[in-house]
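Look over the sequence and the fold below. Then read the short report that goes with them.

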Amino acid sequence: GQLILEEKENKIDNYLDEDAYRFLSFLQFSTQDEENLKALSEVFKPNISDIVSSFYQYLQKFEDTNLLLTDDIIKTRLLKAQSRYLERLTQGNYDHQYLADRKKIGVTHSQVGLTTKWYIGAYNLYFHLLYPLIFQAYSGKPEQVQDSLLSLTKILMLDMQLAMDAYIEHQQLESQHIQSERFTAIGQLAAQVAHEIRNPLSSIELNLDLLADEILDEPKAGTQESQNLLRSIRNEVDRLADIVSEYLAFARVPRFEFEEESMNAVVQKFCHFVKLQLHQSKITLKLDLDESLPSLLLDTEQIQRILHNFLKNSIEAMPEGGEFTFRTRTKSEHVVLEITDTGGGISHSDLKKIFDPFFTTKRDGTGLGLPIAQEVIKYHQGEILCESIPEKGTKFSIIFPVSFNKEVESDHNIPSRDW
């Protein structure tokens, strides 16, 4: 039969959106497959009760699946759901609603804790229970048997894929929700700690200034040793002040001001500003900028801020000097900014944790630079990726969408931390 995708104009009343066409056409599902399944309705319908019973008995044999059947209410709901599913399987009209119903199965499995490793076995059981009925009903009709088996296989494969996709998507959303709550709790803790430290730190800094003035007024006290001691104390106070500032920056998401801007212009402005710093660090700056880039909606102040953090990390990774490269390019309605260095790289085990708040391998690091950068990029509805090879270098790829609605927060899972 001709593919459903090719009959889109004639079947618009039966198939409601592009998802149905895409899934079914990929399986080479035709109008003849739909007719074959409808014909199987009379074959399966008298046997649905026995099929459901066999399915239930099979699930009881395995500890993981049997645990879900100890509750009588859940058991009753499962048996009814199986009956409805088998009836719907041969009713035709595999439209958007059909796909949505199949996806609900995956979400339900995720909610009750039934992992995807059981899906293939469950659908394999359907094959074992339904195939013999087809052979029996169409005995002596090999072509009809073959066509019916293929049609049934296609729809069951579709159902299994939809359920597994929905399970994975639901698990990812749950993970993002947990991460969001974790970030909120960490942000609250960071704000509390920062506020508790900032006031006494300001007092220490003030008294340190007074002490320095008194020492300068006393010639006998103003020895080199006392000067060195004061300088050491001030350095530590400044370091603590920087840590407090980073904690507060992480705890309070800034108010973003988006304006249309060229990413190339942002990069060039930043490079002009840090040229001396790069020279002093013996680092060669390289630019590979695509002049045909479309403009983006950017908060340039926040972008400049995270570029400073990337440069700071790269300088620390290249104590003997090296190369620091900016590259821009377009890719599928997105602008990509790549930031590359030739430093020591990041180990595979650490690479998984670099965006976790407070994770750091540096003695004086706070572990907040990259998490803050990630949030800034998410508020631009973008994404950040990292590749690194130990002893060879690191590349960050920041992906910005060309189409960006600044009225909508880019990620509803990002917590608001304006306390």
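Predicted model: local features only at pLDDT ≥ 70, side-chain atom pairs only at ≥ 80, totals over all residues.

Residues are numbered from 1 along each chain as its sequence is written, and side-chain values use heavy atoms, with hydrogens and water left out.

**The chain.** The chain has 13 helices and 7 strands. Helices (H or I, at least four residues) and strands (E, at least two) are DSSP runs, numbered from the N terminus. Of its 419 residues, 39% count as buried, meaning under 20% relative accessible area (1.4 Å probe, protein chains only).

**A helix pair.** Helix 11 and helix 13 pack at an angle of about 150 degrees, and their axes lie 10 Å apart. Axes are lines fitted to C-alpha atoms over the stretch in contact, and angles run from 0 to 180 degrees between N-to-C directions. Helix 11 is therefore roughly antiparallel to helix 13, a label for angles over 145 degrees. Contact means heavy atoms within 4.5 Å.

| Helix | Residues making the contact |
|---|---|
| Helix 11 | Gln302, Arg305, Ile306, Asn309, Phe310, Asn313 |
| Helix 13 | Gly369, Leu370, Ile372, Ala373, Val376, Ile377 |

**One residue.** Where does threonine 90 sit? Its place is the loop between helix 5 (72-88) and helix 6 (96-112). Threonine 90 is buried, with a relative accessible area of 4%. Not counting residues up to four places away in sequence, threonine 90 touches Leu37, Lys38, Leu40, Ser41 and Phe44.

Key:
Buried < 20%, exposed > 50% of the residue type's maximum accessible area, 1.4 Å probe, protein only. Parallel < 35°, antiparallel > 145°, perpendicular 65-115°, else oblique.
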